[in-house]
Amino acid sequence: MASNGLVCSCAQEGGEFRFHLTSDADYLRRAQGSKYVKSNPLGAYREVREALQGGQRVLFIGLPCQVAAMRNFVGSRLADSLYTIDLICHGSPSPKVLSRFLEETGNNLSNELILDFRKKVQFQLRYRGAETVGRTGVRDRYSIAFLSGLPYTEGCYSCRYAKGDRVSDITLGDSWGSELSDEVANGISLALVQTDKGRELLEMTDLELLPVDPGLAVANNEQLQRPSTKPIERNTFMDGFRNGVRVNRLVLRARPKDCAKYLVKDILLALGLLRG
Ligand SMILES: Cc1cc2nc3c(=O)[nH]c(=O)nc-3n(C[C@H](O)[C@H](O)[C@H](O)COP(=O)(O)OP(=O)(O)OC[C@H]3O[C@@H](n4cnc5c(N)ncnc54)[C@H](O)[C@@H]3O)c2cc1C
């Protein structure tokens, strides 16, 4: 962090999604990008508290439940030096679903193979700087499952942090439905300042900031109002997963129309009848 602090943020490490406390710009570049999977904060809470006790300022970035846990763990005595950013969150699946899906499709994760879950508004797994999982433009079944809310962990459907009143200094999400017309194509981020510390943080950056109507932002982002609804197929999906059924097959059963749509797209692209 340019202003003499440390950042605790999550990045892929081998096959895991772990947090690190650091001021290393290379690590922070690696940590960029949404990882649509439950990350593992093991060890991060203690590490952050020790840094704060040592007089450092720390920025913690995580899912809202992780930010709430961090603030609880650190306590009010050290809170002044802790800055927090939470993400608007639909819900997050266990990393086991992701690793089973990658295995089925002949893929894996390693330090060299960093997975990106989206490119702007295109949701498809791809390896950073390399090819997509499946044909480019054809949404893979992990992404179909994630976007339709099938594989989230049980507690996500009753998440107490999915509301307008947030746990952090800044809330980050996607900007949908605001007055900025190019947001769909460009995938503009939404930054909702929650506290004076949040404003202070944003003012330290050189980001291009455009004001939006917060009422519209909230109205167009369901997870600023309520948790995701549990799909009726979700328990069958997870039971099948626990019984070893292939993720590909489970998604096809639960979301046949979406799968058919991308199957047709795949064929049209293969025949050159559609451009990617
Ligand atoms: C599981 C999940 C569900 C989401 N659901 C929604 C939603 O319903 N609506 C919405 O508007 N936005 C949602 N988001 C947020 C959105 O995907 C973007 O992260 C956000 O718009 C900020 O994008 P960015 O490009 O500015 O920052 P990014 O570069 O994407 O990321 C910002 C920070 O988030 C951290 N991060 C990414 N993934 C995780 C993770 N799994 N656990 C902890 N930290 C992580 C990164 O390490 C980075 O520090 C979700 C994000 C996640 C991870």
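User: What is the strand order in the open sheet of six strands?

Analyst: In this predicted model, the order is 2-1-3-4-7-8, with mixed pairing. Strands are DSSP runs of E of at least two residues, helices are runs of H or I of at least four, and both are numbered from the N terminus. Two strands pair if DSSP finds at least two bridges between them.

User: Which strands stand at the edges?

Analyst: Strand 2 (16–22) and strand 8 (189–193) do; each has a single partner strand, so one side of each is left without a neighbour in the sheet.

User: On to helix 4: which of its residues are buried?

Analyst: They are Val-97, Leu-98, Phe-101, Leu-102 and Glu-104. Buried means under 20% relative accessible area and exposed over 50%, with partly exposed in between (1.4 Å probe, protein chains only). Lys-96 and Glu-103 are exposed on the face turned away from the buried side.

User: Does Glu-104 have a partner of opposite charge, or what is the nearest one?

Analyst: Glu-104 has no salt bridge, and the nearest side chain of opposite charge, Arg-246, is 4.4 Å away. A salt bridge requires a side-chain nitrogen of Lys or Arg within 4 Å of a carboxyl oxygen of Asp or Glu. Lys and Arg count as positive and Asp and Glu as negative, while His and the chain ends are not counted.

User: What does Glu-104 touch?

Analyst: Not counting residues up to four places away in sequence, Glu-104 touches Arg-246, Val-247 and Asn-248, where contact means heavy atoms within 4.5 Å.

User: What follows helix 4?

Analyst: Gly-106 does, with a positive phi near 75°.

User: Which conventions apply here?

Analyst: Residues are numbered from 1 along each chain as its sequence is written, and side-chain values use heavy atoms, leaving out hydrogens and water. Local features need pLDDT of at least 70 and side-chain atom pairs count only at pLDDT 80 or more, whereas totals for chains, interfaces and linings use all residues.
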